[in-house]
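Here's a quick briefing to read alongside the model. Have the structure open as you go.

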Amino acid sequence: MTMNERKTIDLEQGWEFMQKGITKLKNILEGLPESQITSEEYMMAYTTIYNMCTQKPPHDYSQQLYDKYRESFEEYITTTVLPSLREKHDEFMLRELVKRWANHKVMVRWLSRFFNYLDRYFIARRSLPALNEVGLTCFRDLVYLEINAKVRDAVISLIDQEREGEQIDRALLKNVLDIFVEIGMGQMDHYENDFEAAMLKDTAAYYSRKASNWILEDSCPDYLLKAEECLKREKERVSHYLHFSSEPKLLEKVQNELLSVYANQLLEKEHSGCHALLRDDKVDDLSRMYRLFSKIPRGLDPVANIFKQHVTAEGTDLVKQAEDAASNKRADKKDVVGLQEQVFVRKVIELHDKYMAYVNDCFMNHTLFHKALKEAFEVFCNKGVAGSSSAELLATFCDNILKKGGSEKLSDEAIEETLEKVVKLLAYISDKDLFAEFYRKKLARRLLFDRSANDDHERSILTKLKQQCGGQFTSKMEGMVTDLTLARENQANFEEYLSKNQSANPGIDLTVTVLTTGFWPSYKSFDLNLPAEMVKCVEVFREFYQTKTKHRKLTWIYSLGTCNINGKFEPKTMELVVSTYQASVLLLFNSSDRLSYSEILNQLNLTDDDVVRLLHSLSCAKYKILNKEPNTRTISSTDYFEFNSKFTDRMRRIKIPLPPVDEKKKVVEDVDKDRRYAIDASIVRIMKSRKVLGHQQLVMECVEQLGRMFKPDFKAIKKRIEDLITRDYLERDKDNPNLFRYLA
């Protein structure tokens with residue numbers, strides 16, 4: 001038969017044939033006894049549709065078939081699917097729905113294959129919804145819209161049962177929720193609006209009920225354990241049957257109800273809150289607290305705040321203990337600056353170690369906790385103890401570690417570690433320049449009197465300080481250490497010079513340490529009238545030094561010198577280790593038996609204060625090398641002195657100490673002076689670059705520039721500005737007195 005002679009199929013006849021195929025398909029889906037659709041039947045159905053769509057008008061039934069296709073679904077749903085769903089409830093209804101949806105998808109697949117020709121031409125040309133979409137839309141409009149609320153409530157009820165510990169069919173829930181997703185045909189709005197929103201609301205209500213009971217019954221650690229467990233379970237819930245996009249929303253709801261709502265109550269629980277956990281070192285509970293509170297917005301702020309308060313309180317307590325111990329000592333008239341301060345610094349280091357470990361381990365190195373620790377330590381590290389500033393205490397602590405015979409007996413590794421920790425503490429101290437000055441003074445004593453235990457440690461701490469505070473901070477100290485090395489070489493050269501020039505030998509063993517003025521603390525240098533024996537030494541060294549350099553001027557600092565002299569007493573001859581000043585006093589008695597105070601003063605050419613100290617050390621202290629008339633404990637200008645030839649001691653060699661001078665006042669004065677220069681320099685630097693600046697801004701910039709070394713006082717800055725105005729570096733604006741101009 002040729003194409004033109006093909007028999008026309010009319011609509012009723014053709015549809016009747018299709019109806020048989022559709023009925024067979026329905027029977028198979030309903031599980032009725034029916035044979036499978038064969039490929040011949042499938043081909044026949046496809047061909048019938050093809051023919052009915054390709055006939056010449058008016059026998060082209062494409063539009064009618066497209067409508068019939070939809071009506072087939074509507075009829076099947078209305079007569080079979082909906083009644084079966086309406087008669088079931090809860091879990092049974094869910095099972096039925098899953099079965100019906102699966103069947104519906106099979107039916108759509110088969111029918112869209114039967115009617116495939118429509119999809120390829122008719123639908124494509126008319127821009128109509130595709131067959132697959134039409135099939136799913138029928139289910140959505142007729143089934144889903146009617147029962148989604150019931151389905152949602154049944155699902156939420158099952159989820160709540162599971163939360164209460166009952167076993168539920170998770171696979172069933174997964175299949176039901178897949179319907180919510182699939183029915184959106186690529187969009188998530190049905191899942192989100194018809195299910196997720198209600199589920200989240202129910203979750204919030206569920207956990208709100210739970211939390212309101214737990215907060216009353218449980219301690220903070222127990223509550224947090226439960227909260228962590230709940231969050232873990234909700235995460236599992238998502239992986240088992242909820243859509244993955246629900247996870248952040250679900251967890252946010254749970255965190256809000258369990259943590260955000262009760263955050264303050266939890267943290268401040270009387271015997272188990274954050275303070276208590278820190279007090280009792282509950283590391284695991286603190287870690288859990290960090291993990292949970294880090295998930296809620298600004299949740300860590302109050303935790304860090306409590307951490308800061310706790311550390312500040314512990315540190316302030318250490319300061320108070322040290323203060324009490326010091327005042328008890330004062331009452332007992334014991335040495336005040338000493339062991340107690342060492343113990344205090346040790347305890348502060350231990351406190352820092354402990355809480356730094358907390359920051360690193362419990363609080364996962366979070367910047368908020370680093371900041372809290374820093375601020376807490378800055379509070380109590382800048383409080384003094386017994387009149388000594390923290391800067392001085394730290395410098396003394398280092399001195400004790402680094403000098404020979406210090407109170408700290410440590411291995412090399414322990415010394416390194418301790419120095420590292422001291423430098424870390426220095427970061428919290430605002431008066432770093434004060435520390436530098438105290439440290440420099442003590443370093444000078446260690447180096448000049450050969451008290452330094454180990455050069456390597458001295459260099460090591462300078463390297464650490466340099467890293468922490470910059471090269472300017474340590475340049476003088478490094479110069480001091482280098483000076484000593486050069487001085488040793490110089491002494492070796494001097495001894496070689498003497499061995500070659502026998503005539504120059506002064507007859508006394510002489511060791512000279514040559515220092516660079518700029519590096520060392522400033523020392524008083526008086527024109528002491530040296531005894532003749534010593535004058536020769538000075539001359540010899542000067543001659544030697546001029547052979548090496550012509551243009552350097554030597555200034556002798558006798559106050560730092562020491563002498564070993566032999567005292568020929570009647571019981572026995574003894575070696576006395578004394579300062580150059582003391583030696584000068586004693587040598588006067590080689591030529592006179594008895595001298596008055598004023599004679600000694602005139603012959604030595606020293607100040608009253610110095611002579612009083614010297615004579616006190618030789619006639620009123622432990623070793624009475626001189627006898628004094630009258631025999632009192634104090635020195636006055638009318639006293640007379642004579643050599644005590646009867647003096648003896650069980651030792652053959654004794655050291656006669658000078659009463660210590662309190663250097664603290666001088667150090668503070670020196671630092672204040674340096675600060676004035678630093679403020680001046682800073683103001684001029686700022687004004688040079690800005691040319692014109694308001695008072696407030698100038699002060700703030702100055703504080704910011706100098707803050708690394710010390711906290712400048714606002715009054716001091718104001719004073720320096722006035723001074724610079726009088727010295728014509730700056731001028732005030734004529735119209736606005738708060739505005740300054742730089743004068744080039």
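Predicted model: local features only at pLDDT ≥ 70, side-chain atom pairs only at ≥ 80, totals over all residues.

Residues are numbered from 1 along each chain as its sequence is written, and side-chain values use heavy atoms, with hydrogens and water left out.

**Helix packing**

- Helix 26 (residues 664–690) and helix 27 (residues 695–706) have axes that come within 10 Å and cross at roughly 120°. Axes here are lines fitted to C-alpha atoms, for helices over the stretch in contact, with angles running from 0 to 180 degrees between N-to-C directions. Helices are DSSP runs (H or I, at least four residues), numbered from the N terminus.
- That angle makes helix 26 oblique to helix 27; oblique is what's left after roughly parallel (under 35 degrees), roughly antiparallel (over 145) and roughly perpendicular (65 to 115).
- On the helix 26 side, the contact (heavy atoms within 4.5 Å) is made by residues including Ala678, Ile679, Ile683 and Met687, and on the helix 27 side by residues including Leu698, Cys702 and Leu706.
- The contact residues split into 8 nonpolar, 3 polar and 3 charged. Nonpolar covers Ala, Val, Leu, Ile, Met, Phe, Trp, Tyr, Cys and Pro, charged covers Asp, Glu, Lys and Arg, and the others, Gly among them, are polar.

- The whole structure holds 57 salt bridges, each a side-chain nitrogen of Lys or Arg within 4 Å of a carboxyl oxygen of Asp or Glu.
- Arg95 pairs with Glu91, with the closest N and O atoms 2.8 Å apart. Both sit in helix 4 (residues 90–114), 4 residues apart, about one turn of the helix.
- Arg95 is partly exposed at 39% relative accessible area, and Glu91 is partly exposed at 29%. Buried means under 20%, exposed over 50%, partly exposed in between (1.4 Å probe, protein chains only).
- Arg100 and Glu96 form another bridge, at 2.9 Å between the closest N and O atoms. They too lie in helix 4, 4 residues apart, but both are buried.

**Linking helices, and a network**

- Lys249 and Glu196 meet in a salt bridge of 2.7 Å, N to O. Lys249 is in helix 10 (residues 247–260) and Glu196 in helix 8 (residues 189–217), so the pair ties together parts 53 residues apart in sequence.
- Lys249 is partly exposed at 30%, whereas Glu196 is buried at 3%.
- Shared partners join Asp160, Glu162, Arg163, Arg170, Asp202, Glu234 and Arg237 into one salt-bridge network.

Notes: Helix = DSSP H or I, 4+ residues; strand = E, 2+ residues; numbered from the N terminus.
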